Amino acid sequence: MSSPDPQVRAARNHSTSPAVRGPVVVVTGAASGVGALLTERLAASEEIKQVIAIDERRGECAAAQWHILDVRDPAIAEKLRGADVVVHLALDLDLETDPAARSAYNVRGTQTVLTAAAAAGVHRVVLCTSAMVYGALPDNELPLSEDAELRATAEATGVGDLLEVERLARRAPRAHPGLNVTVVRPGVLVGGTDTALTRYFESPRLLVVAGSRPAWQFCHVEDLCSALEYAVLEKVEGELAVGCDGWLEQEEVEELSGIRRMELPSAVALGAAARLHRIGLTPSPAGDLAYTMYPWVVSGSRLHDAGWRPQWTNEEVLAELLEEVSGRHTVVGRRLGRKDATAAGAAGATVALLGAAAVVRRARKARRRI
């Protein structure tokens, strides 16, 4: 006889087990991505009393109580009543989303959730941004402490939104006394994710800007979820950086991946990337390149001091990432067909970077002739 579905089993356990004294937790953005994984994890935890899931569509976790709602809707305050903790994961960082629409959703959604949480009597909100907010700079320490200054600019995809979320997080306890805010900042997130940094490994060659000093620190989504659970259970608070222990130098990444580098002068790489993005041929602005040029590795000391440890190493996460992106072909953030990608890789760095424009122009001309 087959065992019951895990979701059904979890629902039965919640209904038949003795009352749990743990927190009631709301997860926004619960239907997909990190939100879906965290919702499942919390629903299966004996330390959590109840999970309330909020999204614009229903997810698959049967053990959670679902509310179908846009997080920008002030009516969300009513759905938060009785909750102890809100984990806000309803952020849009999709490369293809219109930047203005993306910012409007991310900033307004965070504002609404923080205000609604305070009005509903929630005592803790957990936000998730990225270690990208520290900025990728040549003089960054290796590793950065959680208290390091946030020196990023708004030039990379979504980073302006994340900086605004960080500002709202700092302001919220002053605007709403009694509301505690914890911010979790993961490194390069891997595990069903699609970002400018994961697409870097879809290229025929790894672009290296001459004179740069890359350092790669990954964060598997499972480790992010376990860190978020620590925050939910108040085992740690404040501003938290999360990622694998240590980092990989560019030479190690190339050796482990088996992908050869293509090196360009800084002016050529940044200038070409800026032009291609400006005319709409690539989704990634030139600012994304900085995060492949300079280190932004974090120590994660607060989580470590609380007893948390990552279950994944940088080498293991890189291997999973390479498996995930196998068969995809990207040049300067734009996915290409296999024939175009192979040609770009064989021609070298300059063609791969600058030739993306010609590839897209040919495709547009072909469509017009149909």
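A: Let us begin with how helix directions are compared: axes are lines fitted to C-alpha atoms, for helices over the stretch in contact, and angles run from 0 to 180 degrees between N-to-C directions. Please keep in mind that this is a predicted model.

Q: Understood. At what angle do the axes of α4 and α5 cross?

A: The axes of α4, residues 99-120, and α5 cross at roughly 15 degrees and come within 10 Å. Angles under 35 degrees count as roughly parallel, and α4 and α5 are therefore roughly parallel to each other.

Q: And is that crossing left-handed or right-handed?

A: The crossing of α4 and α5 is right-handed.

Q: Which residues meet there?

A: On the α4 side they are R102, S103, N106, V107, T110, Q111 and L114, and these meet D161, E164, V165, L168 and A172 of α5. Sorted by class, this contact has 5 nonpolar, 4 polar and 3 charged residues.

Q: Let us turn to the sheet. In what order do the strands come?

A: The order is β3-β2-β1-β4-β5-β6-β11, an open sheet of 7 strands with parallel pairing.

Q: Which strands stand at the edges?

A: The edges are taken by β3 (65-68) and β11; each has a single partner strand, so one side of each is left without a neighbour in the sheet. From one strand to the next, the twist averages 20 degrees.

Q: How many bridges pair β2 and β3?

A: Strand β2, residues 50-55, pairs with β3 over 4 bridges, in the parallel sense. Within β3, I68 is the bridge partner of D55.

Q: What does α4 touch on the sheet?

A: Helix α4 packs on the sheet and touches β4 (85-88), β5 and β6 (180-186). The direction of α4 makes about 180 degrees with that of β4.

Q: Now the backbone. Which residues does a cis peptide bond join?

A: A cis peptide bond joins L142 and P143, with omega about -5 degrees. P143 belongs to the loop between β5 (124-128) and α5 (159-175). For background, most peptide bonds are trans.

Q: What about E234: what is its phi?

A: E234 has a positive phi of about 60 degrees, although it is not a glycine. In general, most residues other than glycine have a negative phi.

Q: Where does E234 lie?

A: E234 is in the loop between α7 (221-232) and β11 (239-242).

Q: Why does E234 count as partly exposed?

A: Its relative accessibility is 41%. Partly exposed is the class between buried, under 20%, and exposed, over 50%, so E234 counts as partly exposed.

Definitions and conventions. Residues numbered from 1 in each chain as written. Predicted model: local features only at pLDDT ≥ 70, side-chain atom pairs only at ≥ 80, totals over all residues. Heavy atoms only, no water. Helix = DSSP H or I, 4+ residues; strand = E, 2+ residues; numbered from the N terminus. Buried < 20%, exposed > 50% of the residue type's maximum accessible area, 1.4 Å probe, protein only. Parallel < 35°, antiparallel > 145°, perpendicular 65-115°, else oblique. Left-handed = near helix turned anticlockwise from the far one by under 90°. Contact = heavy atoms within 4.5 Å. Nonpolar A, V, L, I, M, F, W, Y, C, P; charged D, E, K, R; others polar. Pairing = 2+ DSSP bridges.
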